[in-house]
Amino acid sequence: MAEVSNKQVILREYVTGFPKESDLYVSSTATIKLKLSEPEHEGSSNKLVLVKNLYLSCDPYQRLLMERIEGLSSQPNSSFTPGSPIYGYGVAKVLDSGHPDLKAGDLVWGTTYWEEYSRIPAPEGLIKIQHTDVPLSYYTGILGMPGLTAYVGFYEICSPKKGEHVFISAAAGAVGQLVGQFAKLMGCYVVGSAGSKEKVDLLKNKLGFDEAFNYKEEADLNAAFKRYFPEGIDIYFENVGGKMLDAVLLNMRLHGRIAVCGMISQYNLDQAEGVTNLMHLVYKRIRLHGFSVRDHYHLHSKFVESMLPYIRQGKIVYMEDIVEGLESGPRALVGLFKGLNFGKQVVDISA
């Protein structure tokens with residue numbers, strides 16, 4: 001059976017501190033057969049699936065997988081292996097399948113490798129795409145992991161009520177932009193933080209936030225929250241951590257809720273920052289809830305059916321930042337941690 005070249009994005013070595021483009025490299029030396037063998041079709045216990053990757057998702061959690069973290073090997077996401085392709089969420093087309101629920105031609109989203117073609121050994125993590133009247137890249141974002149993360153974190157964990165005061169950090173990112181729009185649809189007062197004037201303008205003028213601020217221009221975050229939330233914060237959707245979380249805790253209202261989605265400010269530090277205002281969890285009976293979207297995949301169908309009408313009617317705006325080709329992948333992924341992306345960062349390798 002003929003083999004074809006299979007371009008890949010490889011982790012060079014485990015990373016400490018801030019990641020650089022040179023920590024990743026693109027290799028064209030690998031080859032792959034574009035059909036499964038008969039034993040893989042008929043007798044394999046792991047039901048291999050062969051896919052052509054179309055869109056790859058750049059996500060902050062991938063920074064954590066660039067280093068060896070004690071205890072992470074027992075988790076669904078283990079550290080990347082130096083010298084091997086990195087992985088993440090993506091959209092792909094099935095070329096061949098030994099799995100009874102997937103066939104050639106099916107479109108799927110889920111975990112795949114950063115390469116042109118992938119052999120997926122555990123395809124139970126792939127979800128078949130049923131609706132193709134929206135851009136396929138949306139399944140890396142609004143209809144994929146980030147969208148479900150926003151949905152679960154806001155609706156299931158924060159239990160919002162009309163009129164509540166909502167703050168979202170990293171609000172112009174793949175998850176934050178959706179949480180803000182969900183909150184506005186609920187009739188909440190919504191404020192977001194971002195790292196540039198352009199992103200602040202995006203939040204206020206295109207995504208419909210009531211207010212937004214550039215955290216880099218705020219010398220005193222506590223004073224900023226007093227300005228934007230004079231009556232306090234009911235819901236905080238946490239994407240940043242560190243000093244931001246510490247200041248938010250001072251400004252939460254009684255029985256407030258905090259959904260902890262991530263802490264991107266901490267990912268590149270040799271020593272994580274401490275949080276000093278945790279007693280406010282007790283004083284104000286605040287619920288602080290960390291979560292992983294992997295525990296909520298059973299809600300995906302319900303989520304998609306509720307989201308599609310909003311997309312089709314233009315009630316939700318979704319911002320994507322798409323780069324072309326695997327060669328652009330390292331720059332796009334590392335750029336997340338410099339705040340270079342506007343919206344969901346996607347690598348298009350569909351050509």
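The legends below describe close-up views of a predicted model. Local features need pLDDT of at least 70 and side-chain atom pairs count only at pLDDT 80 or more, whereas totals for chains, interfaces and linings use all residues. Residues are numbered from 1 along each chain as its sequence is written, and side-chain values use heavy atoms, with hydrogens and water left out.

**View A. The aromatic pair Phe167 and Phe225.** A pair of aromatic rings is described by the distance of the centres and the angle of the planes. Rings of Phe, Tyr and Trp (its six-membered ring) pair if their centres lie within 6.5 Å; planes under 30 degrees apart count as stacked, over 60 as edge-to-face and the rest as tilted. The structure holds 18 aromatic pairs by this criterion. For Phe167 and Phe225 the ring centres are 4.8 Å apart and the planes stand at 75 degrees, so the pair is edge-to-face. The two residues are 58 apart and link distant parts of the chain, with Phe167 in strand β10 (residues 165-168) and Phe225 in helix α6 (residues 221-228). Helices (H or I, at least four residues) and strands (E, at least two) are DSSP runs, numbered from the N terminus. Burial is assigned by relative accessible area: buried means under 20%, exposed over 50%, and partly exposed in between (1.4 Å probe, protein chains only). Phe167 has a relative accessible area of 0% and is buried; Phe225 is buried as well, at 0%. Ring pairs also join Phe167 and Phe225 to Tyr189, Phe213, Tyr228, Phe229 and Tyr236 in a cluster.

**View B. Lysine charges over aromatic rings.** A charge sits over a ring if NZ of Lys or CZ of Arg is within 6 Å of the ring centre and within 35 degrees of the ring normal. Lys52 lies over the face of Tyr117, 5.9 Å from the ring centre. Over the ring of Phe342 sits the charged end of Lys199, at 5.6 Å from the centre.

**View C. The two sides of helix α5.** Helix α5 spans residues 197-205, and its buried residues are Lys199, Val200, Leu202 and Leu203. These four cover an arc of only 155 degrees around the axis, which puts them on the same side of α5. The arc is that of the directions from the helix axis to the C-beta atoms. Lys197 and Asn205 are exposed on the other side of α5.

**View D. The buried salt bridge Arg257 to Glu164.** A salt bridge is a side-chain nitrogen of Lys or Arg within 4 Å of a carboxyl oxygen of Asp or Glu. The whole structure contains 16 salt bridges. In the one between Arg257 and Glu164, the closest N and O atoms are 2.6 Å apart. Arg257 belongs to strand β14 (residues 252-260) and Glu164 to the loop between α3 (145-157) and β10; the pair, 93 residues apart, links distant parts of the chain. Both residues are buried.

View E. Lys184 counts as partly exposed at 30% relative accessibility, and Asp210 is partly exposed at 29%. A salt bridge also joins Glu211 and Lys204, with 3.9 Å between the closest N and O atoms. Glu211 is partly exposed at 28%, as is Lys204 at 34%. Elsewhere, salt bridges that share partners join Lys103, Asp106 and Lys128 into one network.

**View F. Helix α3.** Of the 13 residues of α3, 11 are buried, leaving the helix mostly covered. Among the buried residues are Met145, Leu148, Tyr151, Phe154 and Ile157.

**View G. Leu278 and Asp246.** Leu278 lies in the loop between β14 and α8 (280-283). Its relative accessible area of 40% makes Leu278 partly exposed. Asp246 is 32 residues from Leu278 in sequence, and their C-alpha atoms are 7.7 Å apart in space.
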